[in-house]
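Here are some exercises to work through with the coordinates open beside you. Try each task before you read its solution.

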Amino acid sequence: MDTIIGTYECKVDAKGRVLLPAPLKKQLASSLQNGFVLKRSVFQPCLELYPMEEWDLMMKKINKLNRFVKKNNDFIRRFTAGVKVVEIDALGRLLVPKDLVVFASIFKDVVFSSAVNIVEIWDKDLYEKSIDGADVDFADLAEEVMGNLNDDDNGIS
């Protein structure tokens with residue numbers, strides 16, 4: 001799957017349905033037929049929308065964990081808690097199950113934010129707080145995370 005690009009704002013209706021923005025739907029077109037997996041984020045109060053191909057890749061990694069190690073078993077259980085298979089309907093809407101609506105507090109304004117190969121789904125206010133109120137200066141974070149990478153073949157670093 002190609003990289004997903006963009007941040008999009010939209011509204012969720014009373015039934016938990018949210019209309020996928022047209023540019024995002026276009027990027028996900030090749031995945032519409034296979035469906036998606038929607039899950040709780042590990043690190044943030046948001047949801048993660050995995051195209052099925054990406055979910056399958058993640059499950060291959062997780063399936064390599066030894067289930068006779070208690071930490072691994074606990075991780076698998078918590079990582080997959082609340083996981084749902086979802087589809088985009090004929091009108092381009094995603095139905096977010098109630099338990100996931102509550103987890104992510106997505107009751108009105110929603111942000112779809114690309115995260116390389118998946119899409120994060122945020123309550124707009126929580127998204128803005130996560131971007132603006134980070135405890136770590138972004139420049140310092142960028143240097144720490146990306147500063148030692150040097151691919152040599154693209155001239156970026």
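**Exercise 1: the sheet**

Six strands form an open sheet in the order E1-E7-E8-E4-E3-E5, with antiparallel pairing. Strands here are DSSP runs of E with at least two residues, helices are runs of H or I with at least four, and both are numbered from the N terminus; two strands pair if DSSP finds at least two bridges between them.

A word on the source before the tasks: this is a predicted model, in which local features need pLDDT of at least 70, side-chain atom pairs count only at pLDDT 80 or more, and totals for chains, interfaces and linings use all residues. Residues are numbered from 1 along each chain as its sequence is written, and side-chain values use heavy atoms, with hydrogens and water left out.

*Task.* Find which strands stand at the edges of the sheet, then examine the pairing of E7 with E8.

*Solution.* 
1. The edges are strand E1 (7-11) and strand E5 (84-86); each has a single partner strand, so one side of each lacks a neighbour in the sheet.
2. Neighbouring strands of the sheet are turned against each other by 25° on average, direction ignored.
3. Strand E7 (residues 109-115) and strand E8 (residues 118-123) run antiparallel and are joined by six bridges.
4. Within this pair, Ser113 stands opposite Glu120 in E8.
5. Helix H5 (residues 124-132) lies across E1, E7 and E8, at about 110° to E8. Such angles run from 0 to 180 degrees between N-to-C directions, with axes fitted to C-alpha atoms, for helices over the stretch in contact.

**Exercise 2: two residues compared**

*Task.* Where is Leu38 found, and where is Ser41? List the surroundings of each.

*Solution.* 
1. Leu38 is found in strand E3 and is buried, with a relative accessible area of 0%.
2. Leu38 and Val85 are 47 residues apart in sequence, yet 6.3 Å apart in space, C-alpha to C-alpha.
3. Beyond four places in sequence, the contacts (heavy atoms within 4.5 Å) of Leu38 include Leu47, Leu49, Val83, Val96 and Ile121.
4. Ser41 is in the loop between strand E3 (36-40) and strand E4 (47-51), and it counts as buried at 9% relative accessibility.
5. A polar atom of the Ser41 side chain lies 3.4 Å from the backbone nitrogen of Phe43.
6. Not counting residues up to four places away in sequence, Ser41 touches Cys46, Leu47, Glu48 and Phe103.

Key:
Buried < 20%, exposed > 50% of the residue type's maximum accessible area, 1.4 Å probe, protein only. Polar contact = N/O pair within 3.5 Å; in protein donor to acceptor, adjacent residues only side chain to side chain.
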